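Reader: Please show me the structure, and then I will ask about it.

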Amino acid sequence: AQALEIVRAIVALAQTLGFHVTAEGVERPEQFELLKFLDVEYAQGFFFSQPVDFATAKAFFAVRS
């Protein structure tokens, strides 16, 4: 419960100061849902993808540009 309040306070402070918030280390769906609830703009972590090598990342972005 304390960790949640710390995250909530950090996100609120950053948003109040006009910063974009990026959450790192998102691994579970419930973490992602909480971040959406807190209006966190960006997130990264194993929930979205395991690490990939340069060639794989390059091919991924080439298809989407």
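Reader: What is the accessible surface of the chain, and what share belongs to carbon and sulfur atoms?

Author: This is a predicted model, in which local features need pLDDT of at least 70 and side-chain atom pairs 80 or more, while totals for chains, interfaces and linings use all residues. Residues are numbered from 1 along each chain as its sequence is written, and side-chain values use heavy atoms, without hydrogens and water. The surface, found by the Shrake-Rupley method with a 1.4 Å probe, comes to about 5,400 Å², and the share of carbon and sulfur atoms is 63%.

Reader: What percentage of the residues in the chain is buried?

Author: Buried means under 20% relative accessible area (1.4 Å probe, protein chains only). Of the 65 residues in the chain, the buried share is 12%.

Reader: In what order do the elements of the chain run?

Author: Helices (H or I, at least four residues) and strands (E, at least two) are DSSP runs, numbered from the N terminus. The chain has 3 helices and 2 strands. From the N terminus on, their order is α-β-α-β-α.

Reader: How many residues of helix α3 are buried?

Author: Helix α3 covers residues 54-64, which is 11 residues.

Methods:
Buried means under 20% relative accessible area, exposed over 50%, partly exposed in between (1.4 Å probe, protein chains only).
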